[in-house]
Amino acid sequence: MAEVAPAAARAKAAKRRAPRPKKDGPTLGELVVKAVAASRERSGVSSAALKKSLTAIGYDVDKNKARVRTVIRGLVAKGTLVQIRGTGACGSYKINKNRQPWRCSQRCISIF
């Protein structure tokens with residue numbers, strides 16, 4: 001029995017795959033920000049128009065619906081985009097011009 005356990009551990013270690021290399025080019029978040037910034041609309045860009053512009057660039061939106069939604073929500077949470085209308089990932093978005101750069105608080109400085 002003791003001989004079987006090390007062999008099983010070696011077999012498990014051999015099954016691990018090599019990590020995938022990172023893809024070249026801009027991330028989805030960068031593509032979304034560029035698409036919103038390129039818009040000339042005063043009222044912002046709707047999520048449907050944003051998806052159309054991503055499709056025109058060559059991104060497969062139908063295959064990656066959830067990823068697009070989470071990226072949009074993340075950009076709104078970070079403060080990069082401002083949601084003009086709607087809730088969640090639906091609605092219209094603009095670039096946040098009043099975004100404050102991140103500064104380390106006194107508490108943060110005292111930790112380091």
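**Starting from arginine 42**

Arginine 42 counts as exposed, at 77% relative accessibility; exposed here means over 50% relative accessible area, buried under 20%, and partly exposed in between, with a 1.4 Å probe and protein chains only. You'll find arginine 42 in the loop between helix 2 and strand 1 (45-46). Helices (H or I, at least four residues) and strands (E, at least two) are DSSP runs, numbered from the N terminus. Along the chain, arginine 42 and lysine 94 are 52 residues apart, while their C-alpha atoms are separated by 8.6 Å.

A word on the ground rules: this is a predicted model, where local features need pLDDT of at least 70 and side-chain atom pairs count only at pLDDT 80 or more, while totals for chains, interfaces and linings use all residues. Residues are numbered from 1 along each chain as its sequence is written, and side-chain values use heavy atoms, with hydrogens and water left out.

Zooming out, the chain has five helices and three strands, in the order α-α-β-α-α-β-β-α from the N terminus. Of its 112 residues, 23% count as buried.

Now for the empty space. Rolling a probe the size of a water molecule over the atoms shows where empty space is left. A pocket, on a 1 Å grid over the protein atoms alone, is an open set of points where a 1.4 Å probe fits, with protein on both sides within 12 Å along at least five of seven lines; lining residues have an atom within 4 Å of a point. Grid points are joined across faces, edges and corners, and a volume is the space filled by probe spheres set on the points.

Arg42 and Lys94 both turn up in the lining of the second largest pocket, along with Val36, Ala37, Ser39, Glu41, Gly44, Val45, Tyr93, Ile95 and Lys97. That pocket holds about 190 Å³ of space. Helix 2 (28-38) and strand 3 (92-95) each supply at least two lining residues, and strand 3 gives the largest share, with three. By class, the lining has five nonpolar, two polar and four charged residues (Ala, Val, Leu, Ile, Met, Phe, Trp, Tyr, Cys and Pro count as nonpolar, Asp, Glu, Lys and Arg as charged, and the others, Gly among them, as polar).

The largest pocket has a volume of about 380 Å³. Its lining includes Arg20, Asp24, Leu28, Tyr59 and Arg67, and splits into four nonpolar, two polar and four charged residues.

Back to helix 2, where glycine 29 lies. Glycine 29 is buried, with a relative accessible area of 16%. C-alpha to C-alpha, glycine 29 and valine 68 are 8.5 Å apart in space, though 39 residues apart in sequence.

Valine 68 takes us to helix 4, where Val68, Val71, Ile72 and Leu75 are buried. Seen down the axis of helix 4, the buried residues fall within an arc of 100 degrees, so they line one face of the helix; the arc is that of the directions from the helix axis to the C-beta atoms.

Last stop: the loop between helix 3 (47-57) and helix 4 (65-78), the place of asparagine 64. Asparagine 64 is buried, with a relative accessible area of 17%.
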